[in-house]
Amino acid sequence: MKLEGMHHITMITGDARRNVDFYADVLALRMVKKTVNFDAPQAYHLYFGDEQGSPGSILTWFEFPGAPPGNPGAGMVHTIQLGVRSAESLEFWNKRLADSGYPTESLDGVLRFQDFEGLQYELVIADPSNPVLQARHPEIPVEHALTGVQGVRAFASEELNSDRDLLVDGLGFTEVGIGEYLVEGDDTRFRFGYDQHPGYGGREGTGTVHHIAWHSRDEDHEAWRERAGEAGQSVTPVIDRDYFNAIYFRQPQGILFEIATTSPGFAVDEDPAHLGEQLRLPTQHEPMRAQLESLLDPLVNPRAAAPLD
Ligand code: ZN
């Protein structure tokens with residue numbers, strides 16, 4: 001049994017409109033689902049990714065308007081690495097980000113930048129064995145489109161490798177250095193690595209990562225729950241998130257881990273040609289639709305406003 005890589009990463013934003021502008025326009029991902037936080041339905045939960053909404057491409061945000069800015073410290077993910085195909089693509093994005101008002105920093109084959117709330121990214125040349133998970137956008141030549149999430153970096157809260165037993169023996173990560181791991185699925189390799197304790201605690205808030213979800217085959221999900229429990233983790237029951245099933249546990253360094261299934265995926269309640277265009281509500285919140293629609297700031301998916309041919 002092995003994990004198939006990363007499923008999605010979830011962040012916090014204070015401004016859903018700017019979030020859509022940045023991720024669906026500047027970064028040219030596809031907004032594949034517009035729904036609400038199932039545990040706090042007056043808040044948006046927005047999903048961005050490739051054309052199909054494939055696991056491994058998905059970045060999601062809870063919107064908490066007016067939430068204070070966060071700061072990633074000990075025990076928090078601080079950087080998300082997004083793939084491109086080539087050095088020419090790094091140049092393309094360097095110009096596009098600068099033209100859009102986002103300063104960049106080029107370091108040795110990596111282009112570093114922050115989103116409008118200070119969340120840090122690195123564009124990296126993707127592992128050539130990873131699947132190419134791209135979205136279409138009228139301004140982005142296909143050879144330069146982002147190709148999916150390649151890795152994350154976090155600050156350790158203890159020793160760099162103090163959660164090694166869980167990661168390697170429990171979850172099957174491959175250790176490639178002290179505090180450096182690969183999550184190797186049948187056709188993906190995702191990098192997960194720690195930097196030294198930064199000397200300060202973190203603060204969850206806008207522009208920070210809330211949790212990272214690993215990708216389980218559907219048939220293995222219950223076994224992963226048992227495995228995490230055997231490794232000493234306090235694991236939630238399996239929770240139906242409509243687009244996947246999920247379990248959660250806060251691992252020893254302090255990062256909230258989720259393990260999510262492949263199925264049913266984002267096309268379960270929408271035409272694949274129109275993902276993310278209508279507000280979708282989980283069944284239990286459907287009776288509150290009128291109330292929620294009056295509370296939530298209306299958001300237009302750019303795909304609905306300007307369909308591709
Ligand atoms: Zn999640």
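This dialogue covers a helix pair, the pockets and the cavities of a predicted model.

Student: What are the ground rules for the model?
Tutor: Residues are numbered from 1 along each chain as its sequence is written, and side-chain values use heavy atoms, without hydrogens and water. Because the model is predicted, local features need pLDDT of at least 70 and side-chain atom pairs count only at pLDDT 80 or more, while totals for chains, interfaces and linings use all residues.

Student: Why is H1 called roughly antiparallel to H2?
Tutor: The axes of helix H1 (residues 16-26) and helix H2 (residues 87-99) come within 12 Å and cross at roughly 150°. That crossing makes H1 roughly antiparallel to H2, because angles under 35 degrees count as roughly parallel, over 145 as roughly antiparallel, 65 to 115 as roughly perpendicular and the rest as oblique. Angles run from 0 to 180 degrees between N-to-C directions.

Student: Which residues make the contact of H1 with H2?
Tutor: Phe22, Asp25 and Val26 of H1 and Trp93, Arg96 and Leu97 of H2 make the contact, where contact means heavy atoms within 4.5 Å. By class, the contact has 4 nonpolar, no polar and 2 charged residues. Ala, Val, Leu, Ile, Met, Phe, Trp, Tyr, Cys and Pro count as nonpolar, Asp, Glu, Lys and Arg as charged, and the others, Gly among them, as polar.

Student: What makes a space a pocket, and what makes it a cavity?
Tutor: On a 1 Å grid over the protein atoms alone, a cavity is a set of points where a 1.4 Å probe fits but cannot get out; a pocket is an open set with protein on both sides within 12 Å along at least five of seven lines. Lining residues have an atom within 4 Å of a point.

Student: What is the volume of the largest pocket, and which residues are closest to its centre?
Tutor: The largest pocket has a volume of about 250 Å³. Of its 19 lining residues, Glu4, Pro55, Gly56, Pro131 and Thr188 are the closest to its centre. Its lining divides into 6 nonpolar, 9 polar and 4 charged residues. Strand S9 (149-155) and strand S12 (189-195) each supply at least two of the lining residues.

Student: How many cavities of 30 Å³ or more are there?
Tutor: The count comes to 2. The largest cavity holds about 60 Å³ of space, and the residues lining this cavity include Leu29, Asp50 and Leu133. The second largest cavity holds about 40 Å³, with Lys2, Phe173 and Glu184 among its lining residues.

Notes:
Helices (H or I, at least four residues) and strands (E, at least two) are DSSP runs, numbered from the N terminus. Grid points are joined across faces, edges and corners, and a volume is the space filled by probe spheres set on the points.
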